[in-house]
Amino acid sequence: MARLTINGTSHNIDVDPSTPLLWVLREQVGLTGTKYGCGIAQCGSCTVHVDGAAVRSCAMPVSAVEGKRITTIEGLASKGVLTKVQKAWLDHEVPQCGYCQPGMIMAVEALLKDKPKPTDADIDANITNICRCGTFQQVRAAIHAAAKA
Ligand code: FES
Ligand code: FES
């Protein structure tokens with residue numbers, strides 16, 4: 001059994017403690033915005049926030065996040081109001097197929113919290129998510145727009 005706080009709601013979940021957080025989010029809690037890509041902490045499509053920090057949930061056992069604050073892409077917008085990053089994503093038409101984008105946005109939200117005005121070098125060093133559609137230039141432009149908003 002694991003007690004998790006996800007997007008401000010407490011859940012008691014009957015699960016083996018070694019189960020990756022990603023699968024609990026998707027299969028037990030029904031939050032399918034967080035995506036499975038590689039399963040080995042390489043692609044970033046499964047990125048969520050744990051106590052505000054970007055974490056790759058495919059490689060994070062639920063036992064490690066009990067008592068912490070978990071936020072998924074579904075929990076970002078507050079009362080239907082999009083964040084600056086989400087608005088910039090729409091303005092710059094960043095998503096193509098969209099599969100990597102929830103994880104990309106979660107990684108960017110965490111970066112902007114740490115570095116509100118990131119340089120291109122900061123972006124390259126911190127946003128290592130993989131996008132098979134090659135949206136990297138739009139991602140960069142949208143990050144700079146969100147930082148100025
Ligand atoms: S699915 Fe987690 S990093 Fe790729
Ligand atoms: S938008 Fe298609 S994988 Fe990134």
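**Around helix α3**

Mentor: The buried residues of α3 pack against β3 (47-50), β4 (53-56), β5 (69-71), α2 (84-91), α4 and α5. Buried means under 20% relative accessible area, exposed over 50%, partly exposed in between (1.4 Å probe, protein chains only). Helices (H or I, at least four residues) and strands (E, at least two) are DSSP runs, numbered from the N terminus. This is a predicted model: local features need pLDDT of at least 70, side-chain atom pairs count only at pLDDT 80 or more, and totals for chains, interfaces and linings use all residues. Residues are numbered from 1 along each chain as its sequence is written, chains are lettered from A and ligands numbered from 1 in the order in which they are written, and side-chain values use heavy atoms, with hydrogens and water left out.

Trainee: How many residues of α3 are buried?
Mentor: 12 of its 14 residues, so α3 is mostly covered. Among them are Met104, Ile105, Met106 and Glu109.

Trainee: What span should α3 have?
Mentor: At 1.5 Å a residue, the 14 residues of α3 (residues 101-114) should span 20 Å. The expected span is 1.5 Å times one less than the number of residues. The end C-alpha atoms of α3 are 20 Å apart, which agrees.

Trainee: Switching to Thr135. Where is it?
Mentor: Thr135 is in the loop between α4 (120-126) and α5 (136-148).

Trainee: Buried or exposed?
Mentor: Thr135 is buried, at 0% relative accessible area.

Trainee: What is Thr135 in contact with?
Mentor: Val94, Gln96, Gln101 and Met104, leaving aside neighbours within four places in sequence. Contact means heavy atoms within 4.5 Å. Gln101 and Met104 are also among the buried residues of α3.

Trainee: And Ala145?
Mentor: Ala145 sits in helix α5. Its relative accessibility is 24%, which counts as partly exposed. Ala145 touches Ala88 and His92, not counting residues up to four places away in sequence.

Trainee: How much of the chain is buried?
Mentor: Of the 149 residues, 43% count as buried.

Trainee: What are the spans along the principal axes?
Mentor: The C-alpha trace spans about 45 × 30 × 25 Å.
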